[in-house]
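Here's a quick briefing to read alongside the structure. Have a look at the model first, then work through the notes below.

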Amino acid sequence: MKCEKIQTLLGAYVDGEIRTSGTVTLIEAHLESCTSCREVLNSQKEIKKILADTQILYETFLSPSILKARVMGEVRARKSKKQRIVSRPAFVIVGLVALLAIGITSVGFFANLQLEKKRTQAFLKALPERAEEMDNPLMPQGDYLIPTSSGNGDSTFLDFVQRHHQMTRELLILESDWAKTLENLQEFVANSENDSKAPLFKELPEKSKDKTKEETNKDKRR
Amino acid sequence: MMMERSAISVPMVGLELEKEGLGEEEVLVVRARSGDEIAFGELVEIYQKKIFNFVYSRLQNRETAEDVTQEVLVKAFFNLNRLREIKKFKSWLFSIANNHVRDLRRKAKLKMVDNDEELSSRETYVSAVMPDDVVLEESRAHMIRRAMMLLSPEQKEVLMLCDIEGMSYSEIAEITRVPLGTVQSRIFYARKRLKDILVKEFNYRGDW
């Protein structure tokens with residue numbers, strides 16, 4: 001290989017970026033006999049070393065902690081801006097209506113739930129925890145405890161209890177889901193009310209918004 | 001009893017990320033991706049100087065470089081969900097910085113020293129080279145920094161990434177979006193030019 005070709009590979013050679021062992025052998029063989037290529041190799045090595053050794057760190061005007069504070073401040077500002085996009089007046093109204101509807105429904109719902117809980121708990125007290133024991137001949141069997149007026153078509157006592165267990169389980173899951181939804185909605189409405197009061201959050205037209213941002217950045221610098 | 005358990009149970013969140021073979025920094029990336037600001041703050045601490053360095057070396061305007069650094073990091077936070085491989089966070093971050101710098105240069109309205117490669121290198125050549133007595137007083141680091149400024153933007157870019165950040169050629173190729181062969185020759189010629197500048201303009205006597 002000619003010197004020129006070899007030389008362009010020397011950067012990669014210094015960095016250990018030549019993957020084919022054949023090429024490496026070729027370069028090394030050439031370097032043995034060629035002074036000018038060895039010089040080029042040395043200067044590549046030297047520059048790499050100088051750059052690694054020297055602190056080529058340019059100083060910022062801002063201290064690292066201020067730069068970090070600026071970044072995190074901007075992250076928070078944009079986060080809350082994203083949230084605000086949702087909390088327009090129309091959404092607030094929808095939220096309030098939904099809250100009212102849910103409130104009304106849940107009064108009846110929770111009352112029902114309490115009733116169902118009590119009934120099932122009474123059965124649970126009377127029962128062993130494991131289902132296999134239900135078949136124990138000493139346990140009440142057949143229509144022993146089923147009120148004839150219930151009209152649910154439970155053929156055995158076991159069916160009856162299991163159905164109630166299932167119902168209560170579902171109600172409890174629903175209850176926790178609904179409670180969460182209610183909480184979220186309350187928070188949502190509270191937040192959007194705060195937002196509309198705070199003058200900080202006024203929407204500005206696109207261009208002047210950028211300007212304000214730059215200006216505040218400059219102010220911080222001073 | 002059984003009933004209560006099933007109603008209250010809360011889905012478990014996998015927190016034992018270390019077990020998946022992730023390093024400390026990668027765990028921070030995962031946490032930041034799920035919106036954890038404290039974790040992201042730590043990443044900012046690790047990378048703000050590096051990003052500033054990389055950006056400033058190409059823009060040569062501190063204020064702009066600070067603003068760009070801020071913007072790059074904020075952008076990273078809101079786009080972390082697009083990062084597919086956690087382990088590539090560093091090169092991903094640098095590629096955001098690189099795109100940003102390129103965008104700015106394309107817009108060209110900003111008064112940047114290196115708007116036009118050829119022209120700008122010549123311009124800076126004149127202004128960056130100091131009288132002899134001043135040069136003598138300069139520390140070696142300062143001299144090398146000044147010499148770096150005389151390289152073309154592409155040359156600065158590859159040397160910052162390769163020799164200062166210690167990245168591999170394939171990472172650099174990804175960040176700068178050029179083929180591996182181009183990265184290889186750019187690095188070679190950048191070092192060669194830097195050596196020439198150090199010798200000719202700064203009378204640097206190295207072990208060449």
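Predicted model: local features only at pLDDT ≥ 70, side-chain atom pairs only at ≥ 80, totals over all residues.

Helix α2 (residues 21–33) of chain A has 13 residues, which at 1.5 Å a residue should span 18 Å; the C-alpha atoms at its ends sit 19 Å apart, so the two agree.

**Chain B overall**
- Chain B has 11 helices and zero strands.
- Of its 208 residues, 35% count as buried.
- Take the contacts in chain B between residues at least 6 apart in sequence: 60% of them join residues at least 24 apart.

**How α4(B) packs on α5(B)**
- The axes of α4(B) and helix α5 (residues 89–107) of chain B come within 10 Å and cross at roughly 130°.
- The crossing is right-handed.
- On the α4(B) side, the residues involved are Val68(B), Glu71(B), Val72(B), Lys75(B) and Ala76(B); they meet Leu93(B), Ile96(B), Ala97(B), His100(B), Val101(B) and Leu104(B) in α5(B).
- By class, that contact has eight nonpolar, one polar and two charged residues.

**Where chain B touches chain A**
- Here 44 residues of chain B are in contact with 41 residues of chain A.
- On chain B's side, the elements that each supply at least two residues include α1 (2–8), α3 (37–59), α4 (62–79) and α11 (180–202).
- The chain B residues on this side divide into 21 nonpolar, 10 polar and 13 charged.

Key:
Residues numbered from 1 in each chain as written. Chains lettered and ligands numbered in written order. Contact = placed C-beta atoms within 7 Å. Helix = DSSP H or I, 4+ residues; strand = E, 2+ residues; numbered from the N terminus. Nonpolar A, V, L, I, M, F, W, Y, C, P; charged D, E, K, R; others polar. Buried ≥ 20, exposed ≤ 12 C-beta atoms within 10 Å, placed from the backbone. Expected span 1.5 Å × (residues − 1). Axes fitted to C-alpha atoms, helices over the stretch in contact; angles between N-to-C directions. Left-handed = near helix turned anticlockwise from the far one by under 90°.
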